[in-house]
Amino acid sequence: MITRQRLAAGVCALLAALTAGMAFPAGAVADETEGQDAPKVELVLDVSGSMRTRDMDGGSRMAAAKQAFNEVLDATPEEVLLGIRTLGANYPGNDRKEGCKDTAQLYPVGPLNRAEAKAAVATLAPTGWTPIGPALLKAADDLEGGNGLRRIVLITDGEDTCQPLDPCEVAREIAAKGIGLTIDTLGLVPDAKTRDQLICIAEATGGTYTSVQHKEELSDRVGQLVDRAADPVVTPVATEGSTDCAKAPTLKSGLYTDREEFGQQRWYRVDVDPGQELRASVSVAADRAVAPDYGVLVRAVTVHGREIVRGEAAGNGRTDVISSGLRYPKPESDGESAPAETVCLQITNSFSAAAGVKTTPGLPLELTVDVVDGPGKSSDVASFGLGRGWWLLGALVLTGFLAGLLWGWVSRWRVAVWRTN
């Protein structure tokens, strides 16, 4: 019994000694983002006839919206450029074609004059139609220019009345432009159909949806969204991958967005110097109805087509986003001025959808590329670009071999003692 305990302790000590120091090196801190332009926010308010309805704490929906706007205008951070756009505020007639053009900028996006903005809001009266799609397109134009954060906050009490211009498809088209624009939606006492439409609009651009039934909720939520615009963020850079590596764009460390259609593959290039490590991760979002089984594959290959390393992930319909990633450490070179290696990143998805689901624009893709200093010693660099898995595997093989020899020797010794006795 004592012999077995000593043997077990010895094996554990040997394993600990062999695996000590195998921890991954601490990741390098990412570079700080460069200065960005001031954030821009446009509040898009539904002023259609249904906003007369009195079901917001005893008052009308329009009165609740005006109160919320006045409170938000008082609290808007100085650094935020704010604008206000209306929909359904000016045309009271029954001509649908005219009603669907009824969107106007009430206050231009820029430095905020609170008195002027409040005076403009005070003139609003519920009037006409609900052209959400056209209003979103115009709001996106209002926010053009600059590299700062851009946010649309849509407040409405009903679904769009200007089909076939589907506001959800409009939101996808806006997102496909890669301008880093987010649409947040707020539904005032919405029904199920309106709620579904507003959720779709928000999800298409990475925004949020909130159902509001009380005046205080509306003021608080709009204020939160405007304040959030002032928080420092990393704005993704729009890029467009190629169908093969030779024509792919060369990316540096940063955050990128692209679009990828069902079953499509996109290629990008990254230059990695000797002694550096490439870390890449990708997320693909299902912004429309897709089949339940899907996957994402990201591969790093040489310019000659040899695979270096891959990462893959699969989904079963229980999540809207699927992500995968990889790491490739390039060993240091013996030469003094070895050239950088061009690594081709291939991203492929296996999403599919039923007939009738639009394939364009493609699914939103977000790619993070980070090229950092590799492990401190050249001897620490992983073999064959497969990470430290080879070192761990070697340690386990050696441990098993030594443990087998030790166990065999002890067994033979015990058998010899038994025969002697």
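Which residue in β12 stands opposite leucine 297? It is glutamate 312. The model described here is predicted.

## The β11-β12 hairpin

Strand β11 spans residues 294-301, and strand β12 spans residues 307-315. The two run antiparallel and are joined by eight bridges. Together they form a hairpin, with five residues between the strands. Glycine 305 sits in the turn and has a positive phi of about 95°.

## The open sheet

Five strands make an open sheet of mixed pairing. Their order is β7-β8-β15-β10-β13.

Strand β10 (residues 276-285) runs antiparallel to β13, with nine bridges between them. Leucine 278 has tyrosine 328 in β13 as its bridge partner.

Helix α5 covers residues 132-142 and is mostly covered, with eight of its eleven residues buried. Among the buried residues are Ile132, Pro134, Leu136 and Asp142.

Aspartate 142 forms a salt bridge with arginine 85, with the closest N and O atoms 2.8 Å apart. This pair links distant parts of the chain: arginine 85 lies in strand β2 (residues 81-87) and aspartate 142 in helix α5, 57 residues apart. Arginine 85 and aspartate 142 are both buried.

## Other salt bridges

The count of salt bridges comes to 20. In one of them, the side chains of aspartate 74 and lysine 118 meet at 2.5 Å, N to O. Aspartate 74 belongs to helix α2 and lysine 118 to helix α4 (residues 114-122), 44 residues apart. Aspartate 74 counts as partly exposed because its relative accessible area is 47%. Lysine 118 is also partly exposed, at 27%.

Lysine 330 and glutamate 341 meet in a salt bridge at 3.3 Å, N to O. Lysine 330 is in the loop between β13 and β14 (341-349), while glutamate 341 is in strand β14, eleven residues away. Both residues of this pair, lysine 330 and glutamate 341, are buried.

Salt bridges also link Glu169, Arg172, Arg259, Asp287 and Arg288 in a network.

## A negative surface patch

Asp57, Glu71, Glu216, Glu217 and Asp220 gather in a surface patch of negative charge. Helix α8 (residues 215-229) gives the most to this patch, with three residues.

Aspartate 57 lies in the loop between β1 (40-46) and α2 (61-75). Aspartate 57 has a relative accessible area of 44%, so it is partly exposed.

Technical notes: Residues are numbered from 1 along each chain as its sequence is written. This is a predicted model: local features need pLDDT of at least 70, side-chain atom pairs count only at pLDDT 80 or more; totals for chains, interfaces and linings use all residues. Side-chain values use heavy atoms; hydrogens and water are left out. Patches are made of residues with over 30% relative accessible area and no salt bridge: like charges are joined within 9 Å, nonpolar side chains (Val, Leu, Ile, Met, Phe, Trp, Tyr) within 5 Å. Accessible areas come from the Shrake-Rupley method with a 1.4 Å probe; for residues, only the protein chains shown count as cover. A salt bridge is a side-chain nitrogen of Lys or Arg within 4 Å of a carboxyl oxygen of Asp or Glu. Lys and Arg count as positive and Asp and Glu as negative; His and the chain ends are not counted. The place of a charge is taken as NZ of Lys, CZ of Arg, CG of Asp or CD of Glu. Helices (H or I, at least four residues) and strands (E, at least two) are DSSP runs, numbered from the N terminus. Buried means under 20% relative accessible area, exposed over 50%, partly exposed in between (1.4 Å probe, protein chains only). Two strands pair if DSSP finds at least two bridges between them.
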